[in-house]
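Dear colleague,

Please find below the structure that I am handing over to you, together with its sequence. My findings follow directly after it.

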Amino acid sequence: MADQPAPPLTHFDAAGQAHMVDVGGKTETARRAVAVGTIRMRPETLALIREGNAKKGDVLGIARIAAIQGAKRTADLIPLCHPIALTRVAVEFALDDAASTVTCTATAECTGRTGVEMEALTAASVGLLTIYDMCKAADRGMAIESLRLLEKAGGKSGHWQAESA
């Protein structure tokens, strides 16, 4: 990769003041983003989740609803995000016994003038935080790791996909 200047940060004006980006002149396009994150825990905690025996109930069911709600509330949480009319939010969980982890993958979609990367990232974050909240009585040492954007599509910059981890 050749040394190229970093693109300007869009949330700052010419005077360096923070502002909400003007997307009024952009074309509405179908937009999609996929984010992923993982929570590592003790094997006994993962077993509680898998068996549905956590004290607070269906951990993954509640975490899925929380993740969807998180995506819908992104503009309330991230100060310069635009409110977006989401058309779809999907959340999937994968349990890995060997690594003692739960991976949350969140997909956000809309037809609009700005992307949904922050909505996907927020959904994955909130899903993982909910797992932590629901299981912290059994395992306060859980660790949320590797939250990142996997893919985005739509808009002027088109399709982007993360390099393999």
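Apart from its neighbours within four places in sequence, Val 91 is in contact with Arg 64, Ala 67, Ile 68, Cys 104, Thr 105 and Ala 106. Please keep in mind that this is a predicted model. Val 91 also belongs to the largest nonpolar core, which has 30 residues. Together with Ile 39, Met 41, Ile 49, Phe 93, Val 102 and Ile 131, Val 91 is among the members that touch the most others in this core. Two or more core residues come from each of β1, α1 (43–51), α2 (59–72), β2 (86–96), β3 (101–112) and α4 (117–135). Helix α4 provides the largest share, with eight residues.

I turn next to the sheet. In which order do its strands lie? Five strands form an open sheet in the order β2-β3-β1-β4-β5, and their pairing is antiparallel. The edges are taken by β2 and β5, each of which has a single partner strand, so one side of each is left without a neighbour in the sheet.

Strand β1 (residues 29–40) is joined to strand β4 (residues 143–153) by eight bridges in the antiparallel sense. Within this pairing, Ala 35 is placed opposite Leu 149 of β4. On the pairing of β4 with strand β5 (residues 160–161), there are two bridges, again in the antiparallel sense. Here Glu 151 has Gln 161 of β5 as its bridge partner, and Lys 152 stands opposite Trp 160, also in β5. β4 and β5 form a hairpin with six residues between them. In its turn, Gly 154 has a positive phi of about 105 degrees.

How many salt bridges does the structure hold? There are nine salt bridges in the structure. One of them joins the side chains of Glu 109 and Arg 32, at 3.6 Å from N to O. Glu 109 lies in strand β3 and Arg 32 in strand β1, so this pair ties together parts that are 77 residues apart in sequence. Arg 32 is partly exposed, its relative accessible area being 32%. Arg 32 and Glu 109 are also linked with Arg 88 and Glu 151 in a network of salt bridges.

Two further salt bridges may be noted. In the pair formed by Glu 44 and Arg 42, the closest N and O atoms are 3.1 Å apart. Glu 44 is partly exposed, with a relative accessible area of 47%, and Arg 42 is likewise partly exposed, at 39% relative accessibility. In the pair formed by Arg 73 and Asp 76, the closest N and O atoms are 2.6 Å apart. Arg 73 counts as partly exposed, with a relative accessible area of 42%, whereas Asp 76 counts as exposed, at 55% relative accessibility.

Finally, there is a feature of the surface to point out. Leu 77, Ile 78 and Met 118 make a nonpolar surface patch of about 240 Å². Met 118 is located in helix α4. With a relative accessible area of 33%, Met 118 is partly exposed.

With kind regards

Note on methods. Residues numbered from 1 in each chain as written. Predicted model: local features only at pLDDT ≥ 70, side-chain atom pairs only at ≥ 80, totals over all residues. Heavy atoms only, no water. Pairing = 2+ DSSP bridges. Helix = DSSP H or I, 4+ residues; strand = E, 2+ residues; numbered from the N terminus. Core = buried A, V, L, I, M, F, W, Y, C linked by side-chain atoms within 4.5 Å. Buried < 20%, exposed > 50% of the residue type's maximum accessible area, 1.4 Å probe, protein only. Contact = heavy atoms within 4.5 Å. Patch = residues over 30% accessible without salt bridge, like charges linked within 9 Å, V, L, I, M, F, W, Y side chains within 5 Å. Areas by Shrake-Rupley, 256 points an atom, 1.4 Å probe, with all protein chains shown as cover. Salt bridge = Lys/Arg side-chain N within 4 Å of Asp/Glu carboxyl O.
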